[in-house]
Amino acid sequence: MKKNFLYGVSTSAFQIEGDDGTQGRGLSVWDSFCERKGTVYQDENAKIAADHYNRLQEDLDLLAGSNVNAYRFSVSWPRVLPEGTGKINGKGVDFYDRLIDGLLTRGVTPFLTMYHWDLPQSLSDKGGLQNDDFSKWFEEYAALLVKKYGDRVKHYITFNEPINVVHSSYYSGVFAPGYRLNEWQTMQCLHRMLTAHGRARNVIRSVQGSETGMAMSTFEEYPVCGSLRCVEAAKEKFFQKDLASESIDAYLDPVYFGKYPDRLYDKFPALNEKRYAEDLKIICGKEDILCFNNYSGTPVDEGKKSVSHGSGAPLNAMGGAVDPNGLYWGCRFLAERYKAPLYVTENGVACNDIVALDGKVHDENRVDFLERHLAVVRRLIDEKADIRGYFVWSFLDNFEWLFGYTKRFGLVYVDYQTLKRTPKDSYRWYADYIRTHKE
Ligand code: BGC
């Protein structure tokens, strides 16, 4: 692989840290969402999760043992600012200090995500993304992180999966805080999120040698055949959906081109107002890195229709297709349109893992998945794509949002009764892969 290529693993705060109520952390919208009966599988919550907060040293050693040279984690906004703004929770700030120092002493580069869905509840009470002050709140939070950690952290992701931050949380309402707004209201949320991204990037710029981006998720469309028409059809489907809040170009065109796609100005004439143009100057940041989370692939035909994978095609434990073409074409489409360096910030698979009678976890489907997807990364690099890193989702089994603890994505198995960690076969496989491919 390339020199300085980052091989990493990813996690997020809410999914692994846990909080027994003594840590000074404020509530997040996901804490509240878990309280709503019937929302999360078996009404589970993340009060313990993988108990990472209390097992930091053990987890850092496990990380080092996997040979990764990068770790993508998220900071819990309400852990450092319990009310979202104002009063700082010293214990929370110290926790990430220890984490970052622990990474650096083990030769692991920190990749810090500022927002992986756990919006402080007190800010949600003020409307969250429905409030015009959102970008100022986020800027204050970003400034705190840069002040505390900017001497050691150079890689920043502002928002994890903007489509979920906006669409799933404010339009379809399947994710916390569960609003169901109309299209224009959702578009305004999208705009506020992008403005927050732009303001945060301007703060991060003060960190010498820093990089900033948003980690995009996609629906992973790719051409079912090699014809030009098919490629163009898949590309269009990849970037554009009926709803702006589900369209990648609605999020990334403003960042790289300083304007929304033309069709959105027709659909939402109010977007032509001067204040949006002013905000777009803040949002635009051509030097942003492209970060891409990928789990699957959807073949698309010349008529822009999704094509079935066929009877008996391999599925993951979430019911989605195992299809590395999604990763290949997603990276190509993004790099071609936005011409920026790329990181695969999440790629992984849920499997029905068990601890076998020999005490080990033989997750050969995950090993196969990683092998196929890393082959795609190598192919892209051979084709001269500027890919700089690859992160497996996830390091540890964790709280999988609406699915509670039923879906396991980790390279390390977590027994939720005892919290014992058992590295899976895929952990050893990845460690070996990195050892033999790192230059
Ligand atoms: C999210 C993770 C999640 C993973 C698996 C991604 O969309 O960023 O938080 O656990 O998918 O569903």
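In the predicted model described here, the side chain of Arg408 makes a polar contact with the side chain of Tyr413 at 3.3 Å. A polar contact is a pair of N or O atoms within 3.5 Å; within protein, one atom must be able to donate a hydrogen and the other to accept it, and residues adjacent in sequence count only if both atoms are side-chain atoms. The side chain of Arg408 also makes a polar contact with the side chain of Asp397, at 2.6 Å. Arg408 is found in the loop between β10 and β11. Helices (H or I, at least four residues) and strands (E, at least two) are DSSP runs, numbered from the N terminus. With a relative accessibility of 12%, Arg408 counts as buried; buried means under 20% relative accessible area, exposed over 50%, and partly exposed in between (1.4 Å probe, protein chains only).

Residues are numbered from 1 along each chain as its sequence is written. Because the model is predicted, local features need pLDDT of at least 70 and side-chain atom pairs count only at pLDDT 80 or more, whereas totals for chains, interfaces and linings use all residues; side-chain values use heavy atoms, with hydrogens and water left out.

The loop between β10 (387-393) and β11 (412-414) also holds Ser394. A cis peptide bond, with omega of about 15 degrees, joins Trp393 and Ser394. Another cis peptide bond joins Ala176 and Pro177, with omega of about 5 degrees. Pro177 lies in the loop between α8 (162-171) and α9 (183-204). Most residues other than glycine have a negative phi, and most peptide bonds are trans.

Ala176 is 147 residues from Val29 in sequence, while the C-alpha atoms of the two are 5.8 Å apart in space. Val29 lies in helix α2 and is buried, with a relative accessible area of 3%. Gln42 is not a glycine, yet its phi is positive, at about 50 degrees. Gln42 is exposed, with a relative accessible area of 59%. Asp43 is placed in the loop between α2 and α3, and its phi is likewise positive, near 50 degrees, in a residue other than glycine. Asp43 counts as partly exposed, at 31% relative accessibility.

An oxygen atom of the ligand is 2.9 Å from an N or O atom in the side chain of Trp401. For the side chain of Trp393, the corresponding distance from a ligand oxygen atom to an N or O atom is 3.3 Å, and for the side chain of Tyr295 it is 3.4 Å. Taken alone, the ligand exposes 310 Å², of which the protein buries 90%. Accessible areas come from the Shrake-Rupley method with a 1.4 Å probe; for residues, only the protein chains shown count as cover.

The ligand sits in the largest pocket. On a 1 Å grid over the protein atoms alone, a pocket is an open set of points with protein on both sides within 12 Å along at least five of seven lines; a molecule sits in a pocket if more than half of its atoms lie within 2 Å of its grid points. His116 lies in the loop between β3 (109-115) and α6 (121-124) and is buried, at 2% relative accessibility.

Helix α11 (residues 248-257) is mostly covered, with nine of its 10 residues buried. The buried residues in α11 are Ile248, Asp249, Ala250, Tyr251, Leu252, Asp253, Pro254, Val255 and Tyr256. Gly258, which follows α11, has a positive phi near 75 degrees.

Lys305 lies in the loop between β8 (298-300) and α14 (325-338) and is exposed, with a relative accessible area of 55%. Lys305 and Ala234 are 71 residues apart in sequence and 8.6 Å apart in space, C-alpha to C-alpha.

Definitions and conventions. 1 Å grid on protein atoms, 1.4 Å probe; cavity = no way out; pocket = protein on both sides within 12 Å on 5 of 7 lines; lining within 4 Å.
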